[in-house]
Amino acid sequence: MNIQYTPTTCPYCGCGCGFNLVSVDGKLKGVEPWKRNPVNEGKLCPKGNFSYEFVHREDRLTTPLIKKGGEFVEATWDEALDLVASKLTEMKEANAEQLAFLSSARCTNEDNYVFQKFVRTVVGTNNVDHCARLCHGPSVAGLAQTFGSGAMTNSLESCAHADVVFLIGTNTLEQHPLMWRRALQAKENGAKIMVADPRFTPSAKQADLYIPFQSGTDVALLNSMMNVIIAEGLEDKEFVENRTTGYEELKEMVKQYPPEEAEKITGVPADLIKEAALMYAKADNAALLFSMGITQHTVGTENVMSTSNIAMLTGNIGRPGTGVNPLRGQNNVQGACDMGALPVVYPGYQAVINEELGEKMQTSWGCGDLSCTPGLTVVEIMHAAHDGDIKGMYIMGENPMVSDPDLQHVEAALNNLDFLVVQDIFLTETAALADVVLPAFSWAEKDGTFTSTERRVQYIRKAVDGPGETRDDWEIISDIATRMGSELFKFNSAHEIFEEVRYVTPQYAGMNKERLEKPEALHWPCPDEEHPGTPILHAEKFATPDGLGVFKAIEFKPPAENPDDEYPFILTTGRMLFHWHTGSMTRRSETLDREVPTGFVEINPEDAAKLGVKNKEMVKVKTRRGEIEVPAKVTSDIIQGTVFIPFHFAECAANMLTSGDELDPFAKMPELKVSAASIEKLE
Ligand code: SF4
């Protein structure tokens with residue numbers, strides 16, 4: 001019997017926990033702790049513990065598929081790749097801007113790097129994006145404007161040193177359990193935890209202070225807290241004076257939000273707003289954590305900038321136990337963004353509109369002219385496909401038929417394409433609509449790197465062979481590029497690709513194999529091989545051109561859609577402990593799926609009584625986009641007037657109900673956390 005332990009990184013949330021995959025005679029049998037990994041020190045949440053269960057599923061894709069007469073037919077790699085290469089060549093010669101490409105926060109840095117390089121150097125467009133757009137696009141846009149760098153400021157471990165941990169729009173206990181462990185370590189040392197959320201989440205239940213507020217009113221709440229802080233003279237005058245600009249405008253703006261006024265907008269009693277403000281401002285070190293409760297709004301970028309404002313106002317930047325910390329939902333959202341799988345930047349956030357940077361990339365890559373026209377974002381791509389302006393699409397490792405807003409619109413858009421290629425590990429809801437399906441390795445079958453939410457770049461290592469004829473994602477893309485005539489994709493390994501990544505990505509330049517092999521790996525920025533990496537950003541100065549943090553005076557704007565007589569409820573969507581993203585992996589894990597086998601809608605008991613709905617009875621939830629039938633979960637964990645549906649379940653898909661019509665002007669985020677909805681009991 002051949003037993004092997006392969007140290008690797010979890011494929012689920014952005015915490016980036018390490019563990020050993022255990023294989024026996026080439027088959028995965030379980031996971032074992034990897035205690036020297038400093039992220040999680042041997043601890044895991046349920047998703048990590050059962051992360052191996054989907055890998056050997058019988059419904060894995062094992063061979064390329066080509067749709068003929070409406071049915072998938074097995075094909076050889078040559079047949080499938082020749083077809084893809086010839087169709088893409090024909091379509092790019094007609095108009096490269098009519099092609100769009102979705103990369104993947106689930107895939108490695110190497111996969112994402114090769115993908116965007118292919119789109120830019122071979123196809124000749126910047127129409128490349130991925131579903132970070134629908135989670136932390138506003139974090140990148142907002143933090144870049146205020147701090148000069150769109151990433152989590154501190155490490156996970158840093159949170160354990162806080163005196164106050166302020167969670168707003170994040171259910172950290174369920175979504176990032178090993179980050180929650182750090183918050184609990186802080187609490188054991190005497191810290192207070194405060195949680196602002198429309199749901200009385202498991203995180204909120206363990207908080208010292210719970211601030212229930214109406215979804216979409218984050219700016220009003222944060223402005224009001226800042227109003228109190230300034231009125232009480234609790235702002236950090238030295239920090240504001242020496243390290244920031246824009247304070248006077250902010251001060252004038254927040255004057256308009258005394259707690260009594262903010263109460264009318266947020267639903268939070270004025271005294272509770274004051275208590276929250278004082279708790280946060282009086283802490284020596286306060287860490288602010290947020291997730292999609294902040295970002296998934298048409299004002300998501302402004303919400304993010306408001307979190308920067310309150311942290312700078314109180315001087316909570318640049319030390320252990322402080323910071324503004326967007327918690328990334330997927331394993332490699334940070335890395336996919338770092339690698340330039342975004343329509344406006346090359347690897348390392350180098351803007352495509354900057355001609356000098358474009359010339360630098362041309363020289364580095366040895367390619368012809370690169371387009372300096374920004375590409376389309378995820379939702380814009382679907383709108384363009386719907387209208388016939390995008391005619392071909394290539395999707396690697398994403399499932400927009402569950403993850404994107406307004407699924408009827410998405411389905412119509414994908415069906416409207418002349419040519420759709422999907423590269424994945426299962427025949428997902430999206431892959432089912434494709435013309436060509438290409439089977440790829442899962443994370444347990446490949447080498448490479450993920451970059452976690454704390455900017456830590458870590459190895460994943462191949463533990464077992466992929467099934468059938470599956471291949472590495474980067475290898476499939478490289479093969480197509482070569483078939484389309486490019487000489488720039490002669491890679492033999494993930495390591496070779498990473499060496500090129502280091503060469504073109506300044507933040508990764510100092511990361512060599514020897515350093516990344518260590519369990520602690522490295523946090524970017526790490527500009528040279530002597531640099532120790534940077535667990536905490538902005539210690540001395542911000543990453544802005546003048547080194548100063550920028551306050552943004554932000555006015556509250558209501559959500560794009562509000563309840564009315566026809567649709568009287570606010571519908572909000574989100575995630576849960578046992579499932580991850582579109583469920584394509586966790587719902588194929590027997591253990592995880594057994595815990596929560598289908599979706600539900602949380603309804604407050606008062607609302608349920610008015611509707612005549614009892615727990616577990618089926619209801620119809622309807623919005624202007626569509627309707628779903630789903631069991632009711634009657635619970636006082638949700639405030640009156642608001643209902644919650646997790647988005648993991650295709651059979652009662654929350655995104656049938658959400659809207660992609662209105663977008664955040666900076667990050668193009670739709671209003672995923674607020675939809676006007678009606679509920680009807682089903683007989
Ligand atoms: Fe994986 Fe996140 Fe759980 Fe860690 S906390 S085991 S990274 S899902």
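Predicted model: local features only at pLDDT ≥ 70, side-chain atom pairs only at ≥ 80, totals over all residues.
Local features were considered only where pLDDT is at least 70 and side-chain atom pairs only at pLDDT 80 or more, while totals for chains, interfaces and linings use all residues. Residues are numbered from 1 along each chain as its sequence is written, and side-chain values use heavy atoms, with hydrogens and water left out.

Strands β2 (residues 18–24) and β3 (residues 27–33) run antiparallel and are joined by six bridges; helices (H or I, at least four residues) and strands (E, at least two) are DSSP runs numbered from the N terminus, and two strands pair if DSSP finds at least two bridges between them. Within this pairing, V22 faces G30 of β3. Two residues separate the strands of the hairpin, and D25 there adopts a positive phi near 50°.

Several residues of α6 are buried, namely P177, L178, M179, W180, R181, R182, A183 and A186, where buried means under 20% relative accessible area, exposed over 50% and partly exposed in between (1.4 Å probe, protein chains only). The cover over these buried residues includes β8 (164–168), α5 (172–175), β9 (192–196), α7 (202–205) and β12 (286–290), with contact taken as heavy atoms within 4.5 Å. After α6 comes G190, with a positive phi near 105°.

Strand β9 holds M194, which is buried, its relative accessible area being 0%. Leaving aside neighbours within four places in sequence, M194 touches V164, V165, F166, L167, L209, I211, M225, A276, M279 and Y280.

Some backbone details deserve a look. The peptide bond from W524 to P525 is cis, with omega near 0°, and P525 belongs to the loop between β21 (522–523) and β22 (549–550). R455, a residue other than glycine, has a positive phi near 65° and sits in the loop between β19 (448–451) and β20 (456–460). K616, also not a glycine, has a positive phi of about 75° and is placed in the loop between α24 (605–611) and β25 (618–622). R455 is buried, with a relative accessible area of 0%, whereas K616 is exposed, at 68%.

On a 1 Å grid over the protein atoms alone, a cavity is a set of points where a 1.4 Å probe fits but cannot get out, and a pocket is an open set with protein on both sides within 12 Å along at least five of seven lines; lining residues have an atom within 4 Å of a point. Grid points are joined across faces, edges and corners, and a volume is the space filled by probe spheres set on the points.

The largest pocket has a volume of about 820 Å³. Its lining comprises 36 residues, with V140, A144, G150, V345 and Y349 closest to the centre. Helix α4 (residues 137–147) supplies the largest share of this lining, five residues. By class, 22 lining residues are nonpolar, eleven polar and three charged; Ala, Val, Leu, Ile, Met, Phe, Trp, Tyr, Cys and Pro count as nonpolar, Asp, Glu, Lys and Arg as charged, and the others, Gly among them, as polar.

The second largest pocket holds about 400 Å³ of space. Among its 26 lining residues, M576, V596, F600, E602 and K633 lie nearest the centre. The lining of this pocket divides into twelve nonpolar, five polar and nine charged residues.

Seven cavities of 30 Å³ or more were counted. The largest cavity contains about 460 Å³ and is lined by 33 residues, with M292, Q296, T573, G574 and K673 nearest its centre. Its lining has nine nonpolar, 19 polar and five charged residues.
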